[in-house]
Every structure is written in C-alpha cells, then in structure tokens.
Amino acid sequence: MRFDTVIRHGTVVTASDTFLADVGIKDGRIAALALGLTDADEVIDATGLFVMPGGIDSHVHLDQPSGDGIVMADDFDSGTRSAAIGGNSTVLAFCMQEKGQSLREALKVYHAKADGKCHVDVSFHLVITDPTAEVLGQELPALVEDGYTSLKIFMTYEGLRLRDDEILSTLDAARRTGALVMVHCENEDAIRYLIGRHEENGKFAPKFHATTRPVAAEREATHRALSLAEIVDVPIVIVHVSNREAMEEIRRARERGQKIAGETCPQYLMLTADDLDQDALEGAKYVCSPPPRDKASQDACWQGLEQGVFDLFSSDHCPFRFDDPQGKLNEKGKRHFRWIPNGIPGVATRLPILFSEGVMKGRLDINRFVALTSTNHAKLYGLYPRKGTIVIGADADIALWDPNISVTLTNEMLKHGADYTPYEGLDIRGWPVRLLLRGKTIVNDGRTVGDADRRGSYLARQRSSMVQ
C-alpha cells in the first residue's frame with residue numbers, strides 16, 4: 001500500500017502501550033502500524049519524538065453569552081487555533097440554553113458561530129437551564145439520537161442553576177435517553193449568604209471571590225449531586241474538582257457502587273487563592289469557579305490524578321480579557337468581585353503543563369498522561385475509537401511531542417483571544433511540536449499551517465461508555 005503520509009522512527013504512546021513503530025496514514029485514517037514503512041507521498045521524521053493521540057479537551061467555553069456588556073475573549077476561530085497550538089485535535093464546547101429558549105434554537109445559534117471557523121474538530125455539550133417538560137420529554141430524546149449525547153447542569157449561578165427537583169427530572173431524562181450528565185457542584189444559597197456577609201463588611205476585592213465559595217460549598221453540592229444521581233440510578237461526571245473533600249465524596253460514591261467520573265483542571269494544580277490577593281485588581285485574572293484553593297488542595301488533586309479519582313484532565317477554558325471594559329475590568333467588576341467574569345484561559349496550556357509537571361517530574365507515567373488528556377475523554381463522551389488512540393482505523397489525529405524542548409510560557413505564543421495567561425513565565429519541559437488532524441498537518445513548530453483552510457469538523461457522538 002502506498003500511504004499519503006508516514007510518520008517514521010517515533011515512539012508511539014497510547015493509554016496502554018509504548019512501542020517503536022512507523023504510522024502509515026491513508027485518507028485521513030491510520031492504515032498501518034509497523035516498522036519500515038516508507039512508501040508515502042510525505043514522510044515525517046519523528047526521531048526522538050513521542051507519537052501520541054491528539055489531545056481532547058472536553059471542557060471548553062467558546063463564544064458563550066456572558067451577561068450584559070461582557071464578551072468572551074475567544075470565538076471558535078481563536079479558541080480552536082489556541083487549542084491546536086497546545087496539541088489538541090478535538091474540543092468539546094458548551095451550547096448554552098437560555099431561559100425560554102428551546103435546545104434546537106440554542107444549537108442553531110451555536111452551530112452558526114462554529115461552522116467554517118474551527119481549526120480542530122468540535123462537538124457540543126448541551127447546557128440545560130430551563131428543563132421544561134417539552135425540553136426533557138421531546139427535545140432531549142431526539143437530540144441524543146442525533147448525536148448530542150452529553151449535557152451539563154449547574155448548581156450555582158443565578159439564572160443557570162437548577163433546583164433539586166429540576167436536577168432529578170433532568171437526571172431521569174438522561175437515564176431514559178442515555179445521555180451523560182456533567183454537574184458543576186457549588187451550593188448557590190451558601191455562596192449568596194457569604195456574599196451578603198462580605199458586603200456588610202465592605203469586602204469587595206477579587207480575593208473575596210475565593211472566600212465566598214469555600215470548600216464546604218463545593219463538598220456539600222458534590223455530595224448532593226451524587227445523592228440525587230443515586231436516587232435516579234444514573235452515572236454523572238463531577239467537573240472541575242478543586243479539593244480533597246470533594247474527591248472523598250467521589251471515592252465514597254464509587255464504594256457504594258455508583259458510576260462516577262471525576263475531572264480536575266490545571267488551575268487546581270498550579271494556582272492558589274493567594275493569586276487572587278494582588279494589588280491593582282491583578283487578582284481578577286484568577287477569578288474562576290470553583291476558585292483555586294491552597295497548597296494542600298493542590299497536593300490532593302495531584303494525588304487524585306495519580307490514584308484514579310480523576311478520569312479526566314480538562315482545561316475549563318473560559319477566557320475573558322483582563323484590561324477591557326467588556327472583560328475582567330468592567331466598571332462593576334472594578335468595584336465588586338461578584339461582577340468579575342468567572343473563568344480563565346487555558347486550552348493551549350493544559351497539555352504542556354501536565355506533561356511538564358506530571359510526566360517529566362515523575363508524578364505520572366506517559367500512558368496515564370494519554371489516558372487523562374485524550375483516551376478517557378473519547379471513551380466517556382462517545383468518540384472512541386475514532387478519536388483518542390492510535391490504532392488502525394482511527395482518525396489520524398496525532399501529536400508529535402519533543403520531551404527535550406524547554407519553553408517559557410508567554411501569552412503571545414498561545415494565540416488565544418485573551419490578553420493574559422495565568423501561567424506567564426512558567427518554565428515548561430516538553431512541547432507538542434507538530435499536530436496532525438485526520439492526517440493533515442495543522443500545527444508545525446508552534447505555528448498553525450494553512451490558517452485560511454480551517455479543517456475542523458463537527459462531530460456527532462455515540463452514547464457514553466458509562467451509560468451503555
């Protein structure tokens with residue numbers, strides 16, 4: 001067979017194996033894994049490089065409605081370009097239903113934002129904020145059949161959060177349709193109470209965002225979400241876990257026999273609440289929910305990655321510009337932490353941070369890295385084995401990693417729409433030097449290739465491996 005492309009002399013890494021092999025690519029798919037493949041239109045020399053599946057970031061916010069006068073920093077063009085720079089070949093973004101809106105109306109708007117603008121493949125989670133009988137009984141079953149097989153619900157944020165009875169109804173609809181539910185776990189009533197106490201005491205600076213969203217508010221909501229899922233008997237994903245106490249709730253639920261997936265993010269490994277306590281409103285850059293915690297929580301999250309509490313490592317990329325009246329420093333945000341847009345950029349830095357801090361420092365083996373950043377995402381969200389692994393028949397989404405490159409992170413190199421990165425100046429060892437999407441190089445040496453030819457496609461998905 002003559003191949004379109006052969007990747008030669010690299011070390012292939014999957015979630016389960018590491019081996020020397022050439023990779024033959026034909027018509028956008030992996031057609032052969034063997035030594036000595038040479039007959040190809042293009043030969044890529046991967047000597048000294050790891051040949052890994054492209055990253056899959058299953059928790060990304062792009063071009064979402066974000067409140068009056070607030071504009072998210074990344075649309076699908078800039079956000080997926082940044083994802084590619086960081087070694088990701090697929091992102092799963094959130095299509096948010098607004099109150100009174102049908103899911104199909106929300107999808108129509110969101111597809112229009114993404115179509116023709118994506119540098120990598122994309123798929124959508126449905127965010128349900130208005131779980132009417134029509135939405136849960138008619139729209140959701142049809143949409144799951146159409147390949148929209150995951151949804152997200154919030155236990156916090158006024159206007160987004162669901163009451164417990166609404167959560168139960170949504171979980172039951174997911175059980176009947178085979179959808180997988182992601183839950184943002186924080187107790188909104190506790191948070192609103194603490195905000196009121198802070199306001200009484202004149203505490204408005206960014207650092208007080210963290211003290212109004214304490215560990216207990218996340219732990220309680222995590223326990224409640226798991227209890228509601230147990231009542232309905234349905235698997236759920238607990239997203240962006242930030243601390244040991246919430247992790248222990250996940251452990252106990254698993255011991256009871258529940259099917260639970262856990263996720264954490266770079267901000268809970270690399271940042272702390274002290275980062276919010278800076279002069280001149282610099283702390284606003286680090287406002288996200290749940291907030292970064294303390295060093296002990298960082299250590300716990302690393303242990304969760306090592307020990308299997310967490311199945312997923314995602315970015316929760318939710319970018320806003322800092323020095324911008326439509327971003328972090330909007331007029332109300334300057335005066336009160338509650339009006340600072342929640343979220344930080346991170347889609348490009350997710351993989352390099354975990355590779356450098358995890359693999360290169362001996363916390364994780366490289367197969368676990370692949371599982372946490374690609375394979376588990378594909379399995380959990382209905383993309384496996386088309387995505388997330390290197391096997392004959394899979395899409396040739398391949399990242400070539402050089403473990404010997406040292407990089408100092410700067411905002412400019414990330415090519416996102418935000419005017420800062422929380423990780424400015426961080427020294428990184430190891431970097432994805434080339435990325436292929438369905439066999440075509442889309443990033444080489446830190447630059448997107450053929451920028452005008454955005455090759456990303458929308459992906460309909462199968463049901464999750466957790467619900468089958």
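**Exercise 1. Handedness of a helix pair**

Work out which hand the crossing of H12 and H13 has.

*Solution.* The crossing of H12 and H13 is right-handed: a crossing gets this name if the near helix is turned clockwise from the far one by less than a right angle, and left-handed if anticlockwise. This is a predicted model, where local features need pLDDT of at least 70 and side-chain atom pairs count only at pLDDT 80 or more, while totals for chains, interfaces and linings use all residues. Residues are numbered from 1 along each chain as its sequence is written, and side-chain values use heavy atoms, leaving out hydrogens and water.

**Exercise 2. Direction of the pair**

Find how H12 and H13 are oriented to each other.

*Solution.* Start with the angle: H12 (residues 350–359) and H13 (residues 366–380) pack at about 155°, with axes 9 Å apart. Next, apply the cut-off: angles over 145 degrees count as roughly antiparallel. H12 and H13 are therefore roughly antiparallel to each other.

**Exercise 3. Who touches whom?**

List residues of H12 that meet H13.

*Solution.* Contact means heavy atoms within 4.5 Å. From H12 come Arg350, Leu351, Leu354, Phe355 and Val359, which meet Ile366, Phe369, Leu372, Thr373 and His377 in H13.

**Exercise 4. A second pair**

Describe how H2 lies to H3.

*Solution.* First, H2 (residues 103–114) and H3 (residues 133–145) pack at about 45°, with axes 10 Å apart. That makes H2 oblique to H3. Finally, Leu103, Arg104 and Leu107 of H2 make the contact with Val135, Glu139, Leu140, Ala142 and Leu143 of H3.

Methods:
Axes are lines fitted to C-alpha atoms, for helices over the stretch in contact, and angles run from 0 to 180 degrees between N-to-C directions. Helices (H or I, at least four residues) and strands (E, at least two) are DSSP runs, numbered from the N terminus. Angles under 35 degrees count as roughly parallel, over 145 as roughly antiparallel, 65 to 115 as roughly perpendicular and the rest as oblique.
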